[in-house]
Amino acid sequence: MEKISLSYEKALTDAQVQSVAAEALAAQKTLHAGNGKGNDFLGWLHLPSSITPEFLDEVEQVAANLRKRCEIVVAIGIGGSYLGAKMVIEALSDSFAAYKGGKGTQVLFAGQNIGEDYLYELQELLRGKQFGLINISKSGTTTEPAIAFRLLKKQLEEQVGKEEARNRIVAVTDAARGALRKLADMEGYKTFVIPDNVGGRFSVLTPVGLLPIAVAGFDIKQLVGGAADMEKACDESVPAAENPALRYASARNVLYRSGKKVEILVNFNPKLHFLAEWWKQLYGESEGKEHKGIFPASVDFTTDLHSMGQWIQDGERTIFETVVSVKNMKHTLAIPSDDENLDGLNFLAGKRIDGVNKMAELGTQIAHVDGGVPNLKIEIPAVTEYCLGQLIYFFEKACGISGYMLGVNPFDQPGVEAYKKNMFALLDKPGYEAESKAIKARL
Ligand code: PA5
């Protein structure tokens with residue numbers, strides 16, 4: 001089994017991590033006992049091992065139907081109803097798939113912003129194309145995806161008729177509640193349910209993530225298999241020293257308490273950009289409460305070494321880095337020799353690009369540690385479905401433990417309502433009359 005691994009020797013000693021061992025174990029125990037804060041949202045804890053092959057077959061069949069009918073499928077959703085699928089699809093896709101054309105159905109995203117130009121240009125692209133929609137919203141009432149769905153549903157029905165549109169629209173939502181559930185039942189769309197006890201940012205291994213990932217042509221059985229193996233590796237019965245989630249949660253809490261308030265998730269592989277976006281939501285929404293919590297940030301190296309490198313090396317010493325390092329690339333490419341050697345790089349001729357990247361990674365680690373930036377490292381054997389599945393569960397489990405160690409409820413997000421209230425008040429939404437008056441008086 002290709003296993004992901006965590007090392008923290010460039011950040012902390014074993015003794016430092018040990019100093020919070022009892023707390024970390026207690027947090028894990030609370031999680032497993034289901035008697036902590038937010039315990040009605042623990043459906044993700046044993047989700048990987050509870051997913052049946054039959055269920056995955058059903059998701060694959062629905063994906064196959066969309067793939068048969070559509071050149072493009074637009075996955076509509078935001079936050080936890082967007083980032084998981086986006087992360088996995090970006091990580092596994094050919095970086096230039098959009099320009100190479102031809103092979104299979106492309107998955108695009110909408111409803112993750114309110115960009116007028118974005119939506120206009122998407123509609124332009126879809127004009128005359130065979131396309132379908134996966135509308136994903138747990139609450140079924142989120143404004144951003146609802147606007148995108150309105151536009152794209154109308155366009156789809158105009159292009160292929162209401163009957164065929166029904167064959168190309170899948171709704172992923174609550175079992176009974178919300179506007180999307182009502183609409184799906186009324187229109188007779190195929191639906192998948194987001195379990196009540198799985199919050200948005202923990203939902204990538206439900207159809208929220210699995211369906212778009214399967215439509216993009218990736219192996220959801222391997223993804224879930226990797227997560228299920230990580231569930232075992234992080235089980236309560238595993239000794240603390242061998243449980244990667246427990247070790248990561250412990251390490252980051254020790255660092256936080258020593259004044260490291262910002263964690264930067266680092267990659268040296270551009271395909272992992274959205275891993276960090278997903279991770280930022282997972283940790284930011286889970287821990288940023290009661291005026292506490294590590295601020296989750298991210299960089300793509302070596303790209304950002306040429307922009308953020310100075311700050312990280314020499315700015316305020318309140319940061320630590322967690323590097324997601326990929327051991328093996330999918331492809332092999334060597335640097336060619338050049339007769340003129342004007343750039344002086346012939347000393348690299350014949351060496352693999354990844355060999356250079358790995359030395360950039362090592363050199364950066366040494367420089368940043370020398371500069372006072374503790375460095376955690378998560379090594380993944382390769383960017384595959386199986387390894388991403390492991391990473392997903394590893395980060396989720398560590399997040400639950402870490403949130404409890406911090407003393408917050410890691411499974412709610414009361415803070416995200418504030419902007420919505422103001423936006424509705426500013427837009428004169430019926431029912432917000434008093435808020436409208438109050439906010440307009442402040443302008
Ligand atoms: O983690 C969360 O709960 C949020 O980020 C939601 O996922 C996001 O707001 C989308 O919500 P919904 O799926 O209800 O449309």
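Biologist: Which residues line the largest cavity, and which helix gives the most to that lining?

Modeller: This is a predicted model, in which local features need pLDDT of at least 70 and side-chain atom pairs count only at pLDDT 80 or more, while totals for chains, interfaces and linings use all residues. Residues are numbered from 1 along each chain as its sequence is written, and side-chain values use heavy atoms, with hydrogens and water left out. The lining of the largest cavity consists of Phe 268, Asn 269, Val 326, Met 329, Asp 354, Asn 357, Lys 358 and Glu 361. With four residues, the most comes from helix H15 (residues 353-370).

Biologist: What volume does the largest cavity have?

Modeller: On a 1 Å grid over the protein atoms alone, a cavity is a set of points where a 1.4 Å probe fits but cannot get out, a pocket is an open set with protein on both sides within 12 Å along at least five of seven lines, and lining residues have an atom within 4 Å of a point. Grid points are joined across faces, edges and corners, and a volume is the space filled by probe spheres set on the points. The volume of the largest cavity is about 40 Å³.

Biologist: Which element gives the largest share of the lining of the second largest pocket?

Modeller: The second largest pocket holds about 870 Å³ of space. It is lined by 33 residues, and the closest to its centre are Ser 139, Thr 142, Gln 413, Glu 417 and Lys 420. Elements giving two or more residues are strand S4 (131-137), helix H8 (143-167), helix H13 (273-287) and helix H17 (417-426), where helices (H or I, at least four residues) and strands (E, at least two) are DSSP runs numbered from the N terminus. The largest share, five residues, is from H17.

Biologist: How are the rings of Tyr 404 and Phe 411 arranged?

Modeller: Rings of Phe, Tyr and Trp (its six-membered ring) pair if their centres lie within 6.5 Å; planes under 30 degrees apart count as stacked, over 60 as edge-to-face and the rest as tilted. The whole structure has 17 aromatic pairs. For Tyr 404 and Phe 411 the centres are 6.0 Å apart and the planes are at 90°, so the pair is edge-to-face.

Biologist: Which ring lies under the charged end of Lys 86?

Modeller: A charge sits over a ring if NZ of Lys or CZ of Arg is within 6 Å of the ring centre and within 35 degrees of the ring normal. The charged end of Lys 261 sits over the ring of Tyr 256, 4.6 Å from its centre. For Lys 86 the distance to the ring centre is 4.8 Å, and the ring is that of Phe 274.

Biologist: Is His 291 buried or exposed?

Modeller: Buried means under 20% relative accessible area, exposed over 50%, and partly exposed in between (1.4 Å probe, protein chains only). His 291 is in the loop between H13 and S8, with a positive phi near 60°. Its relative accessibility is 86%, so His 291 counts as exposed.

Biologist: What is the omega of the peptide bond from Phe 301 to Thr 302?

Modeller: Most peptide bonds are trans. Thr 302 lies in the loop between strand S8 (295-300) and helix H14 (309-314). The bond from Phe 301 to Thr 302 is cis, with omega near 5°.
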